[in-house]
Amino acid sequence: MKISFLKTTIIPLITAIIVGILFTLPIGLGNFTNIAATLLTILSSFIIYGKDAFKSLGLFNFKDQKRDFFTYAPLLAIALFAFYAFVLVPGVTLITGQAIDYSEFEVFEGNLPACAVMLIFIWVSAAFGEEIIWKGFFMRHFVRFFGDGTLALVINIILFGALFGYVHAYQGITGQIVAAIIGMILGFIFYKRKYNLWFNIAVHGFFDTIAVLCMYYGFL
């Protein structure tokens with residue numbers, strides 16, 4: 001399918017600028033910033049690719065992904081969270097001398113209704129939203145512009161991992177660095193899974209589900 005310069009270049013650049021504004025300027029969306037950015041990137045994908053919009057984001061036929069989504073992805077999420085909790089967080093904290101700021105999550109300790117709502121929200125906003133924004137839209141467009149050679153791939157993963165860390169500024173410098181590293185790992189998984197976004201969504205979602213359980217029991 002031949003796509004015009006407007007669609008391949010101008011629209012993605014405009015989308016990137018608007019997403020940047022959403023995440024940097026205090027426009028009052030709060031926790032719904034991710035959702036607004038997600039809807040924008042999906043809309044842009046429809047403008048560019050039409051009926052192939054979801055496929056362009058890496059959302060291939062879910063029926064073919066169910067086994068990986070519900071088996072391998074949760075196991076990988078458990079391993080990734082163990083690495084996060086027992087290696088990454090202590091290691092980065094030692095380097096920066098600052099603990100991650102988890103104060104925003106204190107309200108969830110022992111609060112089952114709040115955790116239930118939070119669980120739904122993170123699957124929509126973080127698992128689906130962040131993966132669609134940073135992997136499905138921006139990483140995929142980076143590949144379309146620059147290919148996926150070794151250098152381009154490294155820049156792609158580092159760049160969007162760093163941006164993923166940036167949007168976690170509320171967790172302090174340690175939280176930003178840790179989130180950036182997790183974002184890079186998720187970017188590498190996205191590449192290794194041949195840009196299949198369903199698998200990334202599952203890993204991210206189950207990772208955050210474990211985090212919510214930790215919030216509930218006061219481990220964060």
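This is a predicted model: local features need pLDDT of at least 70, side-chain atom pairs count only at pLDDT 80 or more; totals for chains, interfaces and linings use all residues.
Q: How many salt bridges does a search of the whole structure find?
A: The search finds three. A salt bridge here is a side-chain nitrogen of Lys or Arg within 4 Å of a carboxyl oxygen of Asp or Glu.

Q: Where in the chain are aspartate 68 and arginine 193?
A: Their side chains form a salt bridge with an N to O distance of 2.3 Å. This pair links distant parts of the chain, 125 residues apart: aspartate 68 is in helix α4, and arginine 193 is in the loop between α7 (172–192) and α8. Helices are DSSP runs (H or I, at least four residues), numbered from the N terminus.

Q: Is aspartate 68 buried or exposed?
A: Aspartate 68 is buried, with a relative accessible area of 14%, whereas arginine 193 is partly exposed at 29%. Buried means under 20% relative accessible area, exposed over 50%, and partly exposed in between (1.4 Å probe, protein chains only).

Q: Which helix holds lysine 135 and glutamate 131?
A: Both lie in helix α5, four residues apart, about one turn of the helix. Lysine 135 is buried at 2% relative accessibility, and glutamate 131 is buried at 0%.

Q: What about the salt bridge of aspartate 52?
A: Aspartate 52 pairs with lysine 51, and the closest N and O atoms are 3.9 Å apart. Aspartate 52 is partly exposed, with a relative accessible area of 25%, while lysine 51 is exposed at 76%.

Q: Changing topic, where is aspartate 208 found?
A: Aspartate 208 is in helix α8 (residues 197–216). Aspartate 208 is buried yet has no salt bridge.

Q: Which residues does aspartate 208 contact?
A: Leaving aside neighbours within four places in sequence, aspartate 208 is in contact (heavy atoms within 4.5 Å) with Ile122 and Ala126.

Q: Lastly, where does glutamate 106 lie?
A: Glutamate 106 lies in the loop between α4 (66–96) and α5 (112–146), and is exposed, with a relative accessible area of 56%.

Conventions
Residues are numbered from 1 along each chain as its sequence is written. Side-chain values use heavy atoms; hydrogens and water are left out. Helices (H or I, at least four residues) and strands (E, at least two) are DSSP runs, numbered from the N terminus. Lys and Arg count as positive and Asp and Glu as negative; His and the chain ends are not counted.
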